[in-house]
Amino acid sequence: MAIFGQWQGFGRERGFYRDAPRHWRAAFPRLPTREQCNRQGRQEQEALVACFLHLVQLLAAQQCPYEALDSSGIPTRDAKRRGAGWLPGWADIGWSNRLGWDAGFHLLLAVNPMGVITGFGFGPASTKDHPLAETFCALRRYPHLGLPGVGAPASGPYGVDKGVAGHANQRAWWRAYGAQVICPPKRNSRAPWPKRLRRWVAGVRHIVETV
């Protein structure tokens, strides 16, 4: 249920859970309340990540020429509300190009050309793209048992945006983590990319934004 609720693109958890009792009751006669279901889902976090990684292997999702790497804001509450809010110390207030100022998390996704998520990571909303992406590449190269959700290293390069741009960064990540990063140069660069190549990179980023 936890995985299906994300795949179907329901606007909110409440919307998904209003649908579940009507259509899933035969499969789950003892369907818990929404609050109980959320608690049980959090308790099974390790099993959910293991299922996700198994699907990546089953779909051979990383046998592809490249992966897109991009981030997005995930709000958990109204940024204007007072108090520490939900998950203090983990979530905070940061800027998102899609949402503006939001309180929550900064989510990073690696996605293949078919739109299959191959790995993910997140930090507080105030986390910048560069340290989040560098940590992601480092954990793929040197796995940590407590953070398996980043997945395995890509078999090809990563297409990224200007948030992690910089030749120095690209060289350092290649030497340290074996991660090849492709990012278009700035428009005022001495060697700008042709429009056709820029459109390709924009299409790579769009894959992540539509997942």
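The pLDDT is the predictor's confidence in each residue, on a scale from 0 to 100.

**Entry 1. Confidence.** I noted at the outset that this is a predicted model. I looked up the average for the chain and found a pLDDT of 83, with 83% of the residues scoring at least 70.

**Entry 2. Helix α2.** I turned to helix α2, which spans residues 13–23, and found F16, Y17, D19 and A20 buried. Viewed down the axis of α2, these buried residues fall within an arc of 160 degrees, so they line one face of the helix. I recorded R14, R18 and R22 as exposed residues on the face of α2 turned away from the buried side.

**Entry 3. D102.** I located D102 in strand β3 (residues 100–111). Its relative accessibility is 5%, and D102 therefore counts as buried, the cut-off being under 20%. Leaving aside residues up to four places away in sequence, I listed what D102 touches: G73, I74, P75, A79, D92, I93, G94, W95, S96 and A125.

**Entry 4. A60.** I found A60 in the loop between α4 (45–58) and β1 (67–77). I noted that its phi is near 50 degrees, a positive value in a residue other than glycine. With a relative accessible area of 30%, A60 is partly exposed, because that term covers values between 20% and 50%.

Notes. Residues are numbered from 1 along each chain as its sequence is written. This is a predicted model: local features need pLDDT of at least 70, side-chain atom pairs count only at pLDDT 80 or more; totals for chains, interfaces and linings use all residues. Side-chain values use heavy atoms; hydrogens and water are left out. Buried means under 20% relative accessible area, exposed over 50%, partly exposed in between (1.4 Å probe, protein chains only). Helices (H or I, at least four residues) and strands (E, at least two) are DSSP runs, numbered from the N terminus. The arc is that of the directions from the helix axis to the C-beta atoms. Contact means heavy atoms within 4.5 Å.
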